[in-house]
Amino acid sequence: WPFQSFAGHPNFIFILLPKNAGKRKAQIAAIRRSSGDLVLNVDSDTMLASDVVTKLALKMQDPGIGAAMGQLTASNRSDTWLTRLIDMEYWLACNEERAAQARFGAVMCCCGPCAMYRRSALLLLLDQYETQTFRGKPSDFGEDRHLTILMLKAGLRTEYVPDAIAATVVPDSLGAYLRQQLRWARSTFRDTWLALNLLPGLNRFLTLDVVGQNLGPLLLAVSVLTALAQFVLMGTMPWWTILTIVFMTIVRCSVVALRARQLRFIGFSVHTFINVFLCSPESYA
């Protein structure tokens with residue numbers, strides 16, 4: 001960002017914190033200095049399409065909506081095989097998971113790279129947001145999901161706007177990707193407990209979705225461990241487990257390729273191996 005070129009502009013205020021206190025503290029400082037009805041959160045490595053603010057603001061005209069997120073893509077998609085997979089993963093997360101949740105008015109996590117919030121609601125929730133702890137220590141992860149849950153607990157809806165496009169930089173190495181996934185998994189599991197009392201008031205699909213997000217990886221990990229135990233102890237190949245995972249992968253990727261009308265999603269089947277042998281074991285380690 002060319003900060004100096006905007007430093008003297010009356011529409012911009014730059015806030016420099018005494019030290020790097022993390023994303024949450026920076027958000028809170030900016031929100032408390034803001035004055036508009038809506039607050040747009042954008043990560044530093046994210047580029048917005050020229051009409052993103054307009055499209056999100058149009059959605060936020062409904063006073064019952066507390067937050068809305070745009071669609072994320074990988075700005076560095078063409079860098080490596082991993083960034084191509086992550087770009088497809090983002091498409092799935094936005095256009096399957098978030099789009100389905102939005103039909104029932106409760107996107108469970110408005111992603112940080114591009115999310116707009118109602119400022120009046122934020123001001124009421126800031127103290128809860130700032131003082132969140134995990135295992136007795138101030139929380140330093142999962143800001144996006146926690147802030148979304150607080151919005152839902154306040155009785156506001158959260159939405160997804162698919163044509164508000166934001167391109168963000170994604171990890172281009174496996175180590176960085178796995179560390180990111182571990183942070184996100186911790187956030188998902190922790191904030192699920194906060195969302196449990198919300199579920200009775202939400203649509204049954206959302207209950208099923210929340211349960212699936214948390215139990216699905218656990219069941220997958222158990223299946224893989226059982227298959228490995230069968231191979232080691234009995235000396236037989238766990239063909240049923242292997243064939244089931246392969247079949248589910250092929251069906252899912254084929255359906256997405258048809259929906260998106262992009263054959264590249266067939267290649268997303270490679271992500272299954274990363275999920276089975278790296279992401280799931282790491283999440284439950």
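## A loop residue to start with

Which loop is the place of R261? R261 sits in the loop between α9 (239-260) and α10 (270-283). Helices here are DSSP runs of H or I with at least four residues, strands are runs of E with at least two, and both are numbered from the N terminus. R261 has a phi near 55°, a positive value in a residue other than glycine. Most residues other than glycine have a negative phi. R261 counts as exposed because its relative accessibility is 78%; exposed means over 50% relative accessible area, buried means under 20%, and partly exposed is in between (1.4 Å probe, protein chains only).

A word on what you're looking at: this is a predicted model, where local features need pLDDT of at least 70 and side-chain atom pairs count only at pLDDT 80 or more, while totals for chains, interfaces and linings use all residues. Residues are numbered from 1 along each chain as its sequence is written, and side-chain values use heavy atoms, with hydrogens and water left out.

## The sheet

Now for the strands. Five of them form an open sheet in the order β1-β4-β3-β7-β2, with mixed pairing. Two strands pair if DSSP finds at least two bridges between them. At the edges are β1 (38-41) and β2 (46-48), each pairing on one side only. On average, neighbouring strands of this sheet are turned by 35° against each other, direction ignored. Axes are lines fitted to C-alpha atoms, for helices over the stretch in contact, and angles run from 0 to 180 degrees between N-to-C directions.

Let's walk across the sheet from β1. β1 and β4 run antiparallel and are joined by four bridges, with L38 standing opposite R118 in β4. β4 and β3 also run antiparallel, over three bridges, and A67 has Y117 in β4 as its bridge partner. β3 and β7 run parallel and share nine bridges; there, I65 has R157 in β7 as its bridge partner. M47 is partnered by A167 in β7, and L48 by A166.

## What covers the sheet

Helix α3 (residues 52-59) packs on the sheet, touching β1, β2, β3 (65-74), β4 (115-118) and β7. Contact means heavy atoms within 4.5 Å. The direction of α3 makes about 175° with that of β7.

β4 is covered on both faces. On one side A115 and Y117 are buried, and on the other M116 and R118 are buried.

## A glycine by β7

G105 is found in the loop between α4 (81-102) and β4. G105 counts as buried because its relative accessibility is 10%. Leaving out residues up to four places away in sequence, G105 touches L152, R157, T158 and E159. G105 and L156 are 51 residues apart in sequence, with 8.7 Å between them in space, C-alpha to C-alpha.

## Empty space inside

Rolling a probe the size of a water molecule over the atoms shows where empty space is left. On a 1 Å grid over the protein atoms alone, a cavity is a set of points where a 1.4 Å probe fits but cannot get out, and a pocket is an open set with protein on both sides within 12 Å along at least five of seven lines; lining residues have an atom within 4 Å of a point. Grid points are joined across faces, edges and corners, and a volume is the space filled by probe spheres set on the points.

A search of the whole structure turns up one cavity of 30 Å³ or more. The largest cavity holds about 70 Å³ of space. Its lining includes M108, R145, I149 and T188. α6 (143-153), α7 (174-195) and α8 (204-234) each supply at least two lining residues, and α7 gives the largest share, four residues. The lining divides into four nonpolar, four polar and two charged residues. Ala, Val, Leu, Ile, Met, Phe, Trp, Tyr, Cys and Pro count as nonpolar, Asp, Glu, Lys and Arg as charged, and the others, Gly among them, as polar.

## The second largest pocket

The second largest pocket has about 1,700 Å³ of space. Of the 40 residues that line this pocket, the closest to its centre are I13, F14, A30, L40 and V42. α1 (3-6), α2 (23-33), β1 and β4 each supply at least two residues of the lining, and α2 has the largest share, seven residues. The lining of this pocket divides into 26 nonpolar, 10 polar and four charged residues.
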